[in-house]
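Please look through the sequence and the model shown here. The briefing that follows goes through selected residues by topic.

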Amino acid sequence: MSKDKQPIFRVIFLNQGQVYEIYARHIFQSELWGFLEIEELVFGERSQMLVDPSEEKLKNQFEGVNRSFIPAHAIVRIDEVERVGQAKISEAKGGSGNVMHFPMPPGAGQ
């Protein structure tokens, strides 16, 4: 990546049983303890004839958002990438193998 080009980050995180994959220009540790700040969301160009409903849903959901705070425990992965890919929402698959869910107090999940 050239020095004069702003980096682009792919951020993958979990939200309400879904996996979000978004692209942003700036990410950093928030002053709010336990959160990551994501600014300047980037979506793919509309040069394609086909419109992905998942990306359109993301655009509508983040329309007018200047900064988003994502809980650090929800982050799956962050990559610095060469170019913007397809932003999408997909269903989180169950069966996490040997990963155990964080214990919650009785009644907290209701």
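Which kind of link do the side chains of Arg10 and Asp79 meet in? They meet in a salt bridge, at 2.9 Å from N to O; a salt bridge is a side-chain nitrogen of Lys or Arg within 4 Å of a carboxyl oxygen of Asp or Glu.

This is a predicted model, in which local features need pLDDT of at least 70 and side-chain atom pairs count only at pLDDT 80 or more, while totals for chains, interfaces and linings use all residues. Residues are numbered from 1 along each chain as its sequence is written, and side-chain values use heavy atoms, with hydrogens and water left out.

**Salt bridges**

- Side chains of opposite charge can pair when their charged atoms come close.
- The structure holds four salt bridges, and one of them is the pair Arg10 and Asp79.
- This pair links distant parts of the chain, with Arg10 in strand E1 and Asp79 in strand E5, 69 residues apart. Strands (E, at least two residues) and helices (H or I, at least four) are DSSP runs, numbered from the N terminus.
- Asp79 counts as buried because its relative accessible area is 15%, whereas Arg10 is partly exposed at 22%. Buried means under 20% relative accessible area, exposed means over 50%, and partly exposed lies in between (1.4 Å probe, protein chains only).
- Asp79 also forms a salt bridge with Arg77, at 2.9 Å from N to O.
- Salt bridges that share partners join Arg10, Arg77 and Asp79 into one network.
- Arg77 has a relative accessible area of 48%, so it is partly exposed.
- Another salt bridge joins Glu37 and Arg67, whose closest N and O atoms are 3.5 Å apart.
- Here too the pair links distant parts of the chain: Glu37 is in strand E3 and Arg67 is in strand E4 (residues 67-71), 30 residues apart.
- Glu37 is buried, at 6% relative accessibility, and Arg67 is partly exposed, at 43%.

**The nonpolar core**

- The largest nonpolar core has 14 residues, and those with the most contacts inside it are Phe13, Ile22 and Leu58. Such a core is a set of buried Ala, Val, Leu, Ile, Met, Phe, Trp, Tyr and Cys residues joined through side-chain atoms within 4.5 Å.
- At least two residues of this core come from each of strand E1 (8-15), E2 and strand E3 (35-42).
- E2 gives the most to this core, with three residues.
- Not counting residues up to four places away in sequence, Ile22 touches Phe9, Arg10, Val11, Phe13, Ile38, Leu41, Leu58 and Phe62. Contact means heavy atoms within 4.5 Å.

**Gln18**

- Gln18 lies in strand E2 (residues 18-29).
- Its relative accessibility is 17%, so Gln18 counts as buried.
- The side chains of Gln18 and Glu91 are joined by a polar contact of 3.1 Å. A polar contact is a pair of N or O atoms within 3.5 Å; within protein, one must be able to donate a hydrogen and the other to accept it, and residues adjacent in sequence count only if both atoms are side-chain atoms.
- Beyond its neighbours within four places in sequence, Gln18 has contacts that include Phe13, Lys57 and Ile89.

**Glu82**

- Glu82 is in the loop between strand E5 (75-81) and strand E6 (88-91).
- Glu82 counts as partly exposed, at 47% relative accessibility.
- The C-alpha atoms of Glu82 and Phe9 are separated by 8.7 Å, and the two residues are 73 residues apart along the chain.
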